[in-house]
Amino acid sequence: MNNTHMLTDEEMIRAYFSSQPTHCFETLYKRYVNKVYRRCLSLTQDTTKAEDFTHDIFLRAFSKLDAFQERARFSTWLYSIAYNYCLDQLKLARRINTIIIADDSAFDIPEADESLVHEEAIQLMERAIDYLSPKDIRLLRLKYEEGLSVNEIADLYSSKVNTVKMRLKRSRDRIAYLYKTLQYHQTKRL
């Protein structure tokens with residue numbers, strides 16, 4: 001056990017997950033807790049949420065560790081879980097806030113200004129993205145939010161690079177079409 005610091009993450013999982021799961025978890029936790037926390041903090045801009053999310057992410061990752069298939073590095077897999085978890089929590093919080101605001105009959109809509117127009121554009125884009133399949137959303141997140149290269153994504157999905165490029169292009173084209181359609185319908189209602 002003294003040489004565990006010399007093992008790669010993948011070697012650690014293979015060697016200790018089934019026989020000494022607590023040791024495996026503690027080692028991986030120590031290696032990545034600060035990085036996961038910083039990622040959560042950068043997304044939430046809230047230290048309390050970042051701490052809570054970090055804790056939840058490690059519990060989620062450890063509960064799914066038996067499903068880790070080494071298609072990508074453990075760190076990539078963990079950061080993907082962290083990123084998606086944070087976005088899901090933030091999106092859920094926005095939906096809850098939207099419902100609360102919609103239920104408040106005393107809510108006055110201010111005059112349209114540049115920030116409101118920008119916010120409306122973001123909301124339209126989010127609505128457009130919601131029409132994509134979860135697989136396509138994840139692919140776009142990996143590429144544009146997590147900054148993975150097309151080669152890394154292809155490795156992660158055990159896919160060909162050209163397949164990933166084509167799926168990315170189709171997803172971008174679909175979002176652009178949906179955005180324009182939603183924008184048209186929204187202006188038509190006004």
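Visitor: At roughly what angle do the axes of H6 and H7 cross?
Guide: This is a predicted model, in which local features need pLDDT of at least 70, side-chain atom pairs count only at pLDDT 80 or more, and totals for chains, interfaces and linings use all residues. Residues are numbered from 1 along each chain as its sequence is written, while side-chain values use heavy atoms, with hydrogens and water left out. An axis is a line fitted to C-alpha atoms, for helices over the stretch in contact, and angles run from 0 to 180 degrees between N-to-C directions. The axes of H6 and H7 come within 10 Å, and they cross at roughly 140°.

Visitor: How are H6 and H7 set to each other?
Guide: Angles under 35 degrees count as roughly parallel, over 145 as roughly antiparallel, 65 to 115 as roughly perpendicular, and the rest as oblique. The axes of H6 and H7 cross at roughly 140°, and the two helices are therefore oblique.

Visitor: How many charged residues take part in the contact of H6 with H7?
Guide: Lys135, Arg138, Leu139, Leu142 and Lys143 of H6 meet Val150, Ile153, Leu156 and Tyr157 of H7 in this contact (heavy atoms within 4.5 Å). Ala, Val, Leu, Ile, Met, Phe, Trp, Tyr, Cys and Pro count as nonpolar, Asp, Glu, Lys and Arg as charged, and the others, Gly among them, as polar. By that division the contact has six nonpolar residues and no polar ones, and the number of charged residues is three.

Visitor: How many helices does the protein chain have?
Guide: Helices (H or I, at least four residues) and strands (E, at least two) are DSSP runs, numbered from the N terminus. The elements run α-α-α-α-α-α-α-α from the N terminus on. With zero strands in the protein chain, the count of helices is eight.

Visitor: What is the handedness of the crossing of H1 and H2?
Guide: Helix H1 (residues 9–16) and H2 pack at an angle of about 165°, with their axes 9 Å apart, and the two are therefore roughly antiparallel. In their contact, Asp9, Met12, Ile13 and Tyr16 of H1 meet Pro21, His23, Cys24, Thr27, Leu28, Arg31 and Tyr32 of H2. A crossing is left-handed if the near helix is turned anticlockwise from the far one by less than a right angle, and right-handed if clockwise. The crossing of H1 and H2 is left-handed.

Visitor: How far apart are the axes of H2 and H3?
Guide: Two packed helices are described by the angle between their axes and the distance between the axes. The crossing of helix H2 (residues 21–44) and helix H3 (residues 47–63) is right-handed. These helices pack at an angle of about 140°, and the distance between their axes is 8 Å.

Visitor: How many disulfides does a search of the whole structure find?
Guide: A disulfide is a covalent bond between the sulfur atoms of two cysteines, and the search takes it as a pair of cysteine sulfur atoms within 2.5 Å. The cysteine sulfur closest to that of Cys86 is in Cys40, at 3.4 Å, which is too far for a bond. Cys86 is buried, with a relative accessible area of 0%. The number of disulfides found in the whole structure is zero.

Visitor: Near what value is phi of Glu70?
Guide: Glu70 lies in the loop between H3 and helix H4 (74–103), and at 35% relative accessibility it counts as partly exposed. This residue is other than glycine, yet its phi is positive, near 60°.

Visitor: What is the relative accessible area of Ser158?
Guide: Ser158 lies in the loop between helix H7 (150–157) and helix H8 (161–189). Although Ser158 is not a glycine, it has a positive phi of about 50°. Ser158 is exposed, and its relative accessible area is 56%.

Key
Buried < 20%, exposed > 50% of the residue type's maximum accessible area, 1.4 Å probe, protein only.
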